[in-house]
Amino acid sequence: MRASFLLKQGEVEVREIATPELDADEVLIKVAAVGVCGSDTHYYQHGKIGPYVVEKPMILGHEASGTIVAVGSGVDESRIGRRVSIEPQRPCRNCKQCNEGRYNLCPNMEFYATPPIDGAFAEFVKIQSEFAFDIPDNVSFEAAALIEPLSVGIWAAKRAEIGSGSRVLIAGAGPIGIIMAQTATALGASEVIVTDISDDRRAFALQWGATKVLDPRTDQIEGLEVDAFIDASGVAQAVVQGIKAVGPAGRVILVGMGNDDVSLPVSYIQNKEIWVSGVFRYANTWPTGIEMVASGKVNLDVLVSHKFGLDEVEQALTSARLPGAMKAIVQPQA
Ligand SMILES: [Zn+2]
Ligand SMILES: [Zn+2]
């Protein structure tokens with residue numbers, strides 16, 4: 001099969017390699033669509049993310065969908081031909097975190113496109129059968145791939161305790177910010193305020209999930225007294241501004257990546273007993289995500305702004321610079 005490898009920082013090459021061999025509990029998937037994530041671009045530009053370093057050629061891409069074309073000896077053959085969305089992780093199921101239901105924090109996790117595990121910019125991938133989720137006919141392959149970032153939104157919303165009547169502030173109207181806004185609305189939030197410095201992105205947010213948009217440079221953000229603040233910008237000022245918009249006993253969830261160290265308004269957090277948490281991927285979110293998309297509560301297709309073939313992965317990884325860029329999709333069969 002053909003697969004696109006990141007050889008090292010800034011160098012991508014399509015290579016011919018053997019199709020993956022299946023373990024008994026795995027399925028082989030002909031990949032239809034793969035979303036390009038900020039983390040893929042980061043590996044391309046820097047060759048690492050924090051402690052994860054690309055030391056040998058690796059296939060990027062972890063937001064993937066496709067069709068099952070073969071199954072391992074322990075998997076029912078009726079799965080062949082199913083259109084699926086891939087949850088791109090393999091926890092050990094045998095450690096403290098796994099046993100307590102937080103398998104996303106499993107220290108033995110094997111996750112697509114996190115060194116040394118290969119990702120999905122390839123004609124075929126394998127995954128354990130239980131991590132390949134059937135999708136209904138009305139869910140496109142592109143949307144099925146983007147259930148991965150939607151899962152980040154669902155997990156963050158859960159940790160933020162967003163529910164019926166919640167007032168939510170989201171910083172950043174990129175793909176995750178828009179997904180967060182749609183997720184909050186789907187979960188019954190009564191007010192979803194999205195901030196971004198870009199006029200175009202604010203307009204897009206207002207169309208897809210936000211009830212109100214604000215420009216953080218000129219509009220008053222502090223003192224909004226929201227129930228939850230989600231940072232999807234990774235910008236230090238936005239984090240501090242957003243925390244100061246949270247009311248008593250509110251929640252702050254840091255999703256955006258940018259500065260590793262940010263100084264926090266500690267006395268504000270103390271005086272209002274605010275909860276601050278990060279999110280690391282997700283656990284058990286696919287059924288909810290598929291239901292949200294299939295029912296039309298969340299629209300992921302509107303995020304897709306550009307499409308590329310397997311030979312164009314390098315353009316896809318740098319496409320965030322293109323005008324109107326939101327989410328790029330790689331189609332390995334194209
Ligand atoms: Zn991602
Ligand atoms: Zn584990």
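Colleague: Which residues form one aromatic cluster?
Modeller: This is a predicted model. A search of the whole structure finds 3 aromatic pairs. The residues that form one aromatic cluster are F133, Y282 and W286.

Colleague: Is the pair of Y103 and F131 stacked or edge-to-face?
Modeller: The ring centres of Y103 and F131 are 6.1 Å apart, and the planes stand at 80°. Planes over 60 degrees apart count as edge-to-face. The pair of Y103 and F131 is therefore edge-to-face.

Colleague: How many residues apart in sequence are the parts that Y103 and F131 tie together?
Modeller: Y103 lies in the loop between α2 (96–99) and β10 (110–111). F131 lies in the loop between β11 (124–128) and β12 (132–134). Y103 is buried at 3% relative accessibility, and F131 is buried at 2%. The parts tied together by this pair are apart in sequence by 28 residues.

Colleague: Which charged end sits over the ring of Y103?
Modeller: An arginine over a ring also occurs at F141, where the charged end of R83 sits 4.4 Å from the ring centre. At Y103 the distance from the charged end to the ring centre is 5.2 Å. The residue over the ring of Y103 is R93.

Colleague: What is the geometry of the site of the zinc ion (ligand 2)?
Modeller: The protein donors are the SG atoms of C92, C95, C98 and C106, lying 2.3 to 2.4 Å from the zinc ion (ligand 2). Their spacing along the chain is C-x2-C-x2-C-x7-C. The angles among the 4 donor atoms are 103 to 119°. Four donors count as tetrahedral if all angles lie between 85 and 135 degrees, so the site of the zinc ion (ligand 2) is tetrahedral.

Colleague: What spacing do the donors of the zinc ion (ligand 1) follow along the chain?
Modeller: The zinc ion (ligand 1) is coordinated by C37 (SG), H62 (NE2) and E63 (OE), at 2.2 to 2.7 Å. The spacing of these donors is C-x24-H-E.

Colleague: Is C37 buried or exposed?
Modeller: C37 has a relative accessibility of 19%. Buried means under 20%, so C37 counts as buried.

Colleague: Through which helix does the chain cross from β17 to β18?
Modeller: Strand β17 (residues 246–254) and strand β18 (residues 275–278) run parallel and are joined by 4 bridges. R251 stands opposite W275 in β18. The β-α-β crossover from β17 to β18 is right-handed, and the helix it passes through is α8 (residues 266–271).

How values were computed. Residues numbered from 1 in each chain as written. Chains lettered and ligands numbered in written order. Predicted model: local features only at pLDDT ≥ 70, side-chain atom pairs only at ≥ 80, totals over all residues. Heavy atoms only, no water. Pairing = 2+ DSSP bridges. Helix = DSSP H or I, 4+ residues; strand = E, 2+ residues; numbered from the N terminus. Right-handed = clockwise from strand over helix to strand, strands pointing away. Donors = N, O, S within 2.8 Å, 3.2 Å for Na, K, Ca; no water. Buried < 20%, exposed > 50% of the residue type's maximum accessible area, 1.4 Å probe, protein only. Tetrahedral: all angles 85-135°; square planar, octahedral: opposite > 155°, others 65-115°. Phe/Tyr/Trp six-rings, centres within 6.5 Å; stacked < 30°, edge-to-face > 60°. Lys NZ or Arg CZ within 6 Å of the ring centre and 35° of its normal.
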